[in-house]
Amino acid sequence: MSYLAFSKRWAGYLSRKTGLSAEQETILTYVIEVLVLNLMNIVFTLLLGVLLGVLPGTAACLITAILFRHSAGGAHSSSPWRCAAVTIAVFPLLALLGSFFSRLGQGFADVLSVGALGVGMTTVVLLAPVDSPAAPIISPLRRRKLKIISIALMVLVTIIVLLLRESRWQYAGMIQSCIALTLLWVSFMLTGWGHKLMSFVDKILKKRKEV
C-alpha cells in the first residue's frame with residue numbers, strides 16, 4: 001500500500017523519537033493516514049452541510065452512518081479518497097432531502113421512519129456484518145458479535161426516532177427524516193447493489209484521474 005507524504009513524514013519523525021522498528025513505523029503510517037483522512041472527511045462533510053444550511057441533518061446522517069459502519073460494515077471504495085468523496089457528496093444531500101421531507105408533515109416522516117427502520121432491521125439481521133476483501137471477518141465469534149451490536153444499534157436508533165417524534169425541538173423532524181434516509185443508505189450499502197455502486201464510482205473516478 002502506498003502512503004501519502006505527510007503520513008510518512010509524521011510517522012518517520014515519531015519513529016525516530018521513540019525508536020520504533022520499520023514494521024511499527026509502517027503501522028503508524030497507516031494509522032496516521034486513516035485518522036487524518038477520516039477527520040478531513042468529517043470536517044468537509046460538515047462544512048458542506050453548513051453551506052447548504054443543513055448542518056444538524058448532516059451531522060445526524062454522519063453519526064448514524066458511523067455507528068453502523070464499524071459494526072454492520074458495507075461496501076467500500078478501493079481508495080480512501082474516493083470513499084471520502086462519496087461521503088462528502090452523499091450525506092449533505094441526504095440532509096437536504098431530509099429537510100425537504102420534514103416539511104411534508106409528521107405523517108410523512110412517520111411513514112418514512114417506519115419503512116426505514118423495517119428495511120434496516122431486516123437488512124441487518126439477514127446480511128450484517130458485511131466485510132470487505134481487504135479486511136475479511138474470519139472469526140465466526142466476531143461475526144456473531146458484530147451482528148448483535150448491529151441489531152442493538154437498530155434498537156437504539158428506533159428509540160431515538162421515537163424520542164425525536166415526540167420532541168418539540170425545532171430540528172427534531174428534520175433529524176428524524178435524516179436518520180431514516182441514512183438507514184436506507186446504510187441498508188443499501190450492505191447489499192450487492194451497494195457494492196456494485198461503489199465499484200462503479202471507483203471506475204468513474206479512476207478514469208477521471210487518468211485523464
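Predicted model: local features only at pLDDT ≥ 70, side-chain atom pairs only at ≥ 80, totals over all residues.
The domain assignment divides the protein into domain 1, residues 1–52, and domain 2, residues 54–207. Taken over C-alpha atoms, the centres of domain 1 and domain 2 are 25 Å apart. Contact between the domains involves twelve residues of domain 1 and 14 residues of domain 2.

The size of an interface is often given as the accessible area lost when the parts come together. For domain 1 and domain 2, this buried area is about 1,200 Å², and 82% of it lies on carbon and sulfur atoms. Within the area that domain 1 buries against domain 2, 39% is supplied by Asn-41, Thr-45 and Leu-52, more than by any other three residues.

The polar side of the interface was examined next. Zero salt bridges are counted between domain 1 and domain 2. Two residue pairs are in polar contact across the interface, both at pLDDT 80 or more. On the side of domain 1 that touches domain 2, nine residues are nonpolar and three are polar, while no charged residue is present.

Val-31 lies in helix H2, which spans residues 22–52. The relative accessibility of Val-31 is 37%, so Val-31 counts as partly exposed, since this class falls between the limits of 20% and 50%. Val-31 and Leu-164 are separated by 133 residues in sequence, and their C-alpha atoms are 36 Å apart in space.

Ser-71 is placed in the loop between helix H3 (55–69) and helix H4 (80–102). Ser-71 counts as buried because its relative accessibility is 5%, and the limit for buried is under 20%. Two polar neighbours of the Ser-71 side chain were identified. A polar atom of this side chain lies 3.3 Å from the backbone oxygen of Leu-67. The side chain of Ser-71 also makes a polar contact with the side chain of Ser-150, at 3.4 Å. When residues up to four places away in sequence are not counted, Ser-71 touches Pro-129, Leu-146, Ile-149, Ser-150 and Leu-153.

Note on methods: Residues numbered from 1 in each chain as written. Heavy atoms only, no water. Domains from an automatic or database assignment. Contact = heavy atoms within 4.5 Å. Buried area = accessible area lost by both parts, 1.4 Å probe. Salt bridge = Lys/Arg side-chain N within 4 Å of Asp/Glu carboxyl O. Polar contact = N/O pair within 3.5 Å; in protein donor to acceptor, adjacent residues only side chain to side chain. Nonpolar A, V, L, I, M, F, W, Y, C, P; charged D, E, K, R; others polar. Helix = DSSP H or I, 4+ residues; strand = E, 2+ residues; numbered from the N terminus. Buried < 20%, exposed > 50% of the residue type's maximum accessible area, 1.4 Å probe, protein only.
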